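Work through the exercises below with the sequence and the coordinates open. Each task is followed by its solution.

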Amino acid sequence: MASSQTLLNEVKLYENNSEREQVENMSELFAVLNALECLEKMFSRDYISHEEYKIECFKLLDQYKVAMRLVHGTDVEAFAAKYRLHCPAALERIHEGRPITVKDDKGNLLKNIAVIVEVFITFFDQLKLNVRAVDELYPNLNELYTSINAMSRLPEDFDGKAKVKAWHDRLSKMSASEEITDEEARQMIFELEGAYSSFIKFLHNQQH
């Protein structure tokens with residue numbers, strides 16, 4: 001009887017409101033990734049129209065961005081692996097930052113460039129204003145990482161992409177409550193300003 005009672009006891013996933021909110025945020029991220037994976041499969045099997053797919057895909061990509069901002073210090077690939085969520089199509093869509101039916105035309109390219117420049121500048125401002133907390137720095141760094149990877153015209157060996165990825169991976173392994181040191185911040189500014197300069201130079205060369 002005691003054994004049966006033990007089995008019926010509720011399993012606690014959190015001890016306080018803060019942990020409860022984090023669990024709920026992670027659940028939301030899991031649901032968005034799963035929904036995006038299902039959407040990709042439905043479209044590939046011709047179960048929905050191009051227009052329906054495009055609308056739902058943009059909606060889920062926006063929801064993904066919100067979810068990632070709430071789940072601090074999380075790398076999406078590591079998150080999917082940790083919780084055994086097999087979603088290769090969803091991850092590819094996230095990295096491209098747009099539905100598969102939307103080509104990387106000039107309009108999307110200009111929008112993506114504007115986002116990258118804006119996030120670079122915002123991130124530099126944070127560091128120069130002595131923001132050091134991972135949960136404040138990571139959302140912008142993650143958006144920068146995602147936006148750069150979504151820009152298909154950048155070559156794979158683009159130096160700036162590697163620098164952004166290195167810092168993105170580094171912060172994603174830290175907890176939300178941790179802070180980077182002033183030395184790390186100084187090095188990050190140095191390397192990412194170099195990445196920003198390389199990006200601007202690449203854009204300039206593309207015009208000639």
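A nonpolar core is a set of buried Ala, Val, Leu, Ile, Met, Phe, Trp, Tyr and Cys residues joined through side-chain atoms within 4.5 Å. Buried means under 20% relative accessible area, exposed over 50%, partly exposed in between (1.4 Å probe, protein chains only). The model is predicted: local features need pLDDT of at least 70, side-chain atom pairs count only at pLDDT 80 or more, and totals for chains, interfaces and linings use all residues. Residues are numbered from 1 along each chain as its sequence is written, and side-chain values use heavy atoms, without hydrogens or water.

**Exercise 1.** Find how many residues the largest nonpolar core has.

*Solution.* The count is 55. Leu-33, Phe-120, Met-151, Leu-171 and Leu-192 have the most contacts inside this core. Domain 1 (15-94) and domain 2 (103-202) both contribute residues, so the core lies between them. These bounds come from an automatic or database domain assignment.

**Exercise 2.** Classify the aromatic pair of Phe-120 and Tyr-196.

*Solution.* Start with the rule. Rings of Phe, Tyr and Trp (its six-membered ring) pair if their centres lie within 6.5 Å; planes under 30 degrees apart count as stacked, over 60 as edge-to-face and the rest as tilted. Here the centres are 5.2 Å apart and the planes are at 65 degrees: edge-to-face. Now check burial. Phe-120 is buried at 1% relative accessibility, while Tyr-196 is partly exposed at 22%.

**Exercise 3.** Classify the ring pair of Phe-158 and Phe-202.

*Solution.* The centres are 6.1 Å apart and the planes at 55 degrees, so this pair is tilted. Phe-158 is buried at 9%. Phe-202 is buried at 12%.
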